[in-house]
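I opened this notebook to record what I looked up in one structure. The entries follow the order of my reading.

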Amino acid sequence: MTTLDDAEQYVSRLLSAGSTQLPWAICIDDRLVGLVNIGVGEANRNGWFSYWMHADGRGRRWTSCAAATVANWALDGGGLERLELGHRTNNPASEAVAHAAGFVREGTERGKFLIAGDRIDVATYGRLGSDPIPDTDVLPMSTA
């Protein structure tokens, strides 16, 4: 997303009637700066976990804290048993958020995305309800 209109359309799709998405906005002074979302797969009680943060909000632990909090809720009171996520292997900030939120790396999907003509590998992660719960009070600084 590169414009405010893009962001508004994206959030509207997440909130539309019948959506299986569970989005949480990260707002500062009534301004959307980031988002944590779970795309719910009810049949398997799992969810596809995603997050983003505007450049102005990076480096403040907001994404890590929000991701850990939402993941903890989803696997405790939210009715899900497994969360999954993936990020480009060349994105260490997203990797830091995944670890801070208690996700365990499960593998690499080689050449998954085609971006600007290049095949990009994706690191895959999972978190189960039985995995250790991260302590959100001691999360490392993240730039995602």
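The entries below cover strands, aromatic rings and one arginine.

**Entry 1: basis.** I noted that the model is predicted, that local features need pLDDT of at least 70 and side-chain atom pairs pLDDT 80 or more, while totals for chains, interfaces and linings use all residues. Residues are numbered from 1 along each chain as its sequence is written, and side-chain values use heavy atoms, with hydrogens and water left out.

**Entry 2: strands.** I took helices (H or I, at least four residues) and strands (E, at least two) as DSSP runs numbered from the N terminus. Two strands pair if DSSP finds at least two bridges between them. I looked up strand β1 (residues 21-28) and found that β1 pairs with β2 in the antiparallel sense over 8 bridges.

G41 stands opposite N46 in β3. This hairpin has 4 residues between the strands, and R45 takes a positive phi near 50°.

I next checked burial, where buried means under 20% relative accessible area, exposed over 50% and partly exposed in between (1.4 Å probe, protein chains only). Strand β2 (residues 31-41) is mostly covered, with 8 of its 11 residues buried.

**Entry 3: aromatic rings.** Rings of Phe, Tyr and Trp (its six-membered ring) pair if their centres lie within 6.5 Å; planes under 30 degrees apart count as stacked, over 60 as edge-to-face and the rest as tilted. I found 3 aromatic pairs in the structure. Why is the pair of F49 and Y51 edge-to-face? Their ring centres are 6.2 Å apart and their planes stand at 65°, so the pair falls in that class. F49 and F103 have centres 5.1 Å apart and planes at 45°, so this pair is tilted. The pair links distant parts of the chain, 54 residues apart: F49 lies in strand β3 (residues 46-53) and F103 in the loop between α3 (92-100) and β5 (104-115).

Ring pairs link F49, Y51 and F103 into a cluster. F49 is buried at 1% relative accessibility, F103 at 3% and Y51 at 15%.

**Entry 4: an arginine.** I located R127 in strand β6 (residues 118-128). What does the side chain of R127 contact? It makes a polar contact with the side chain of N72 at 2.7 Å. A polar contact is a pair of N or O atoms within 3.5 Å; within protein, one must be able to donate a hydrogen and the other to accept it, and residues adjacent in sequence count only if both atoms are side-chain atoms.
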